[in-house]
Amino acid sequence: MTGDGLSDRLDIVDVCTRMCWHTDKREWERLRTDVFTGKVLVDYTSLNGGAPTELDAEELIAAWRGLLADLTATQHLLTNHLVRIEGDTALATADFQATHLLPNALGGPLWTLGGHYRFTLRRTAAGWRIDGLTMTAVWAEGNRHILERHSLERTKG
């Protein structure tokens with residue numbers, strides 16, 4: 001399976017953008033069908049420490065769903081896409097800004113994180129899909145505790 005360079009580049013940028021769109025719209029099934037391969041190598045160590053880990057797409061989506069469930073809204077923006085294609089694999093990078101909203105009595109309602117993503121992708125019968133993502137946090141502003149508060153309240157319940 002091969003495609004022309006411009007079409008592939010557009011499809012790759014689109015699938016990376018869909019990751020953010022479907023997450024913000026809470027379209028969890030669309031993440032599974034339109035964005036990820038069956039297994040995804042995930043690296044959020046710049047934010048959370050630990051080590052990169054390979055997850056089933058369903059596990060990754062369930063983790064995001066749980067983390068974001070009680071937030072009023074999120075907005076993940078991607079820009080400055082760069083794409084390199086080698087046959088049926090690709091590497092894409094993009095800068096991001098992710099804003100999380102949860103009005104609360106314990107601090108500010110917003111937490112915004114900025115940095116960049118590195119995506120690895122594979123061409124499948126259904127099109128380009130993400131099989132790896134590395135998020136590198138560069139800056140943050142606001143109340144990160146809105147996510148931590150959510151996690152603590154879940155474990156108490």
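Asn80 is found in strand β3, which covers residues 73-86. In this predicted model, the phi angle of Asn80 is near 60°, a positive value in a residue other than glycine.

Arg26 likewise has a phi near 60°, again a positive value in a residue other than glycine. Arg26 lies in the loop between α1 and α2, the latter being residues 28-34, and its positive phi comes just after α1.

## Helix α1

Helix α1 runs over residues 5-24, and at 1.5 Å a residue its 20 residues should span 28 Å; the C-alpha atoms at its ends are 29 Å apart, which agrees with that expectation. Among the buried residues of α1 are Ile12, Val15, Cys16, Met19 and Cys20, and the buried set also includes Asp8, Arg18 and Asp24.

## The nonpolar core

In soluble globular proteins, nonpolar side chains tend to be buried together. Here the largest nonpolar core has 38 residues, and those with the most contacts inside it are Met19, Phe36, Phe119, Leu121, Ile130 and Leu133.

Ile130 shows how separate parts of the sequence meet: leaving out residues up to four places away in sequence, Ile130 touches Val15, Cys16 and Met19, then Val35, Phe36, Thr37 and Val40, and finally Phe119, Thr120 and Leu121.

## The largest pocket

The largest pocket has a volume of about 590 Å³. Its lining is made of 32 residues, of which Tyr44, Leu47, Asn48, Trp64 and Leu67 are the closest to the centre of the pocket.

Several helices and strands share in this lining, and those that each supply at least two residues include α1, β1 (36-43), α3 (45-48), β4 (89-101) and β5 (110-124). Helix α4 gives the most, with five residues. By type, the lining divides into 20 nonpolar, nine polar and three charged residues.

## Ala137 in strand β6

Ala137 is found in strand β6, residues 127-142, and is partly exposed, with a relative accessible area of 24%. Apart from its neighbours within four places in sequence, Ala137 is in contact with Ser46, Leu47, Leu113 and Gly114; one of these, Leu47, is among the residues closest to the centre of the largest pocket. Ala137 and Pro109, which are 28 residues apart in sequence, are 20 Å apart in space from C-alpha to C-alpha.

Conventions:
Residues are numbered from 1 along each chain as its sequence is written. This is a predicted model: local features need pLDDT of at least 70, side-chain atom pairs count only at pLDDT 80 or more; totals for chains, interfaces and linings use all residues. Side-chain values use heavy atoms; hydrogens and water are left out. Helices (H or I, at least four residues) and strands (E, at least two) are DSSP runs, numbered from the N terminus. The expected span of a helix is 1.5 Å times one less than its number of residues. Buried means under 20% relative accessible area, exposed over 50%, partly exposed in between (1.4 Å probe, protein chains only). Contact means heavy atoms within 4.5 Å. On a 1 Å grid over the protein atoms alone, a cavity is a set of points where a 1.4 Å probe fits but cannot get out, and a pocket is an open set with protein on both sides within 12 Å along at least five of seven lines; lining residues have an atom within 4 Å of a point. Grid points are joined across faces, edges and corners, and a volume is the space filled by probe spheres set on the points. Ala, Val, Leu, Ile, Met, Phe, Trp, Tyr, Cys and Pro count as nonpolar, Asp, Glu, Lys and Arg as charged, and the others, Gly among them, as polar. A nonpolar core is a set of buried Ala, Val, Leu, Ile, Met, Phe, Trp, Tyr and Cys residues joined through side-chain atoms within 4.5 Å.
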